Amino acid sequence: MDPAVLRGDMVDSLQHESKGVVQSAWLSAAMRAVPRETFVGEDHAYSDRPFERLGTRVLSPSTAARLLEALAPEEDDEVLVVGAGVGYTAAVLAERVGAANVQAIDITRRLVVEARQNLARAGYEAVLVDRRDGAEGLPEYAPYDCILLEAAAVDPPRALVRQLADDGRLVMPLGTGEQSLAVVGADGSTERLGTVAFQPMLVEGEQADTVERNRTHREDREHARRAAQSRAGWEQEWIDWED
């Protein structure tokens with residue numbers, strides 16, 4: 001069947017009341033335009049389910065749509081995608097804001113190469129894809145009107161918040177065990193939009209496609225943070241017994 005017809009059927013189903021995740025006209029048009037099969041292969045292109053590719057989870061169309069609706073980019077916005085993956089989300093955003101206004105980063109070199117190749121084949125070669133630690137963002141191109149983080153973190157990464165324009169917004173899965181989709185403003189304000197389930201953001205030294213990730217740095221920081229919050233009062237601060 002014609003891929004354009006399959007894309008239309010996919011978007012129609014995402015607009016249906018039972019899902020309703022595609023609500024805006026721009027997202028409907030963009031998802032109908034981007035050849036998803038170029039990014040994920042024909043076998044996975046139009047089924048609404050995630051799958052693994054080079055050690056990372058490729059988002060289902062409905063999950064991608066949910067993120068993009070929350071991001072709500074305007075035409076000509078400057079956009080950063082943290083977690084380039086296979087490049088599909090960046091391509092949909094390019095349809096809205098223009099390929100030259102989209103930058104994407106990923107910590108895994110093989111995914112950076114994959115995203116670059118896929119975007120070029122699909123006609124979005126002007127999207128910049130670079131290998132970076134996602135928590136550090138891409139300050140050379142800041143400020144950004146929109147930043148999309150496609151991995152979970154306990155707190156909004158400070159570097160990403162700093163790279164937002166004054167009225168910019170960061171959309172990300174917030175939390176560890178129980179996560180929520182959050183829209184974070186440049187002023188630190190947070191709006192939660194329901195529950196999600198994402199893999200944790202990798203840190204430097206981790207790679208998505210290795211047999212065993214090096215989780216030491218991230219886990220040590222998280223354990224230390226939780227331990228500090230659970231200490232008794234006498235452990236929290238010095239007590240002057242003379243008083």
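The model is a predicted one. Its chain has 243 residues, of which 49% are buried. The secondary structure consists of 9 helices and 9 strands. Among the contacts in the chain with a separation of 6 or more, 54% are between residues 24 or more positions apart.

**The sheet**

Seven strands form an open sheet with mixed pairing, in the order β5-β4-β3-β6-β7-β8-β9. At its edges stand β5 (128-131) and β9 (190-196), each of which pairs on one side only. From one strand to the next, the twist averages 15 degrees. Helix α6, covering residues 109-122, packs on this sheet and touches β4 (102-106) and β5. The direction of α6 makes about 170 degrees with that of β5.

Strand β8 (residues 179-185) runs antiparallel to β7 (residues 164-174), and 6 bridges join the two. With β9, β8 also pairs in the antiparallel sense, over 5 bridges. Bridge partners from these pairings are listed below.

| Residue | Partner | Strands paired |
|---|---|---|
| Val171 | Val183 | β7 and β8 |
| Gln179 | Val196 | β8 and β9 |

Each pairing is also a hairpin. Between β7 and β8 there are 4 residues, and Gly175 in that turn has a positive phi of about 120 degrees. Between β8 and β9 there are 4 residues as well, with Gly188 in the turn at a positive phi of about 90 degrees.

The burial of β8 follows from its residue values. A residue counts as buried when its relative accessible area is under 20%. Since 7 of the 7 residues of β8 are buried, this strand is largely enclosed by the rest of the structure. Gln179, Leu181, Val183 and Gly185 point one way from β8, whereas Ser180, Ala182 and Val184 point the other way. Both sets of side chains are buried.

**Nonpolar cores**

The largest nonpolar core holds 50 residues, and those touching the most other members are Met31, Phe39, Val92, Tyr124 and Val127. Helix α5 (residues 88-97) supplies the largest share of this core, namely 7 residues. Beyond its neighbours within four places in sequence, Val127 is in contact with Ala90, Ala94, Ala99, Val102 and Leu119.

Helix α4 is mostly covered, with 9 of its 11 residues buried. The buried residues include Pro61, Ser62 and Glu69 along with Leu67, Leu68 and Leu71. Just after the helix, Ala72 takes a positive phi of about 50 degrees.

The loop between α4 (61-71) and β3 (79-82) contains Asp77. Is Asp77 buried or exposed? Its relative accessibility is 11%, and therefore Asp77 counts as buried. A polar atom of the Asp77 side chain lies 2.8 Å from the backbone nitrogen of Glu74. Setting aside residues up to four places away in sequence, Asp77 touches Val97, Asn101, Asp145, Cys146 and Arg169.

Ala142 is situated in the loop between β5 and β6 (144-149). Because its relative accessibility is 29%, Ala142 counts as partly exposed. How far apart in space are Ala142 and Val79? Their C-alpha atoms are 9.2 Å apart, although 63 residues separate Ala142 from Val79 in sequence.

Definitions and conventions: Residues are numbered from 1 along each chain as its sequence is written. This is a predicted model: local features need pLDDT of at least 70, side-chain atom pairs count only at pLDDT 80 or more; totals for chains, interfaces and linings use all residues. Side-chain values use heavy atoms; hydrogens and water are left out. Two strands pair if DSSP finds at least two bridges between them. Axes are lines fitted to C-alpha atoms, for helices over the stretch in contact, and angles run from 0 to 180 degrees between N-to-C directions. Contact means heavy atoms within 4.5 Å. A nonpolar core is a set of buried Ala, Val, Leu, Ile, Met, Phe, Trp, Tyr and Cys residues joined through side-chain atoms within 4.5 Å. Buried means under 20% relative accessible area, exposed over 50%, partly exposed in between (1.4 Å probe, protein chains only). A polar contact is a pair of N or O atoms within 3.5 Å; within protein, one must be able to donate a hydrogen and the other to accept it, and residues adjacent in sequence count only if both atoms are side-chain atoms.
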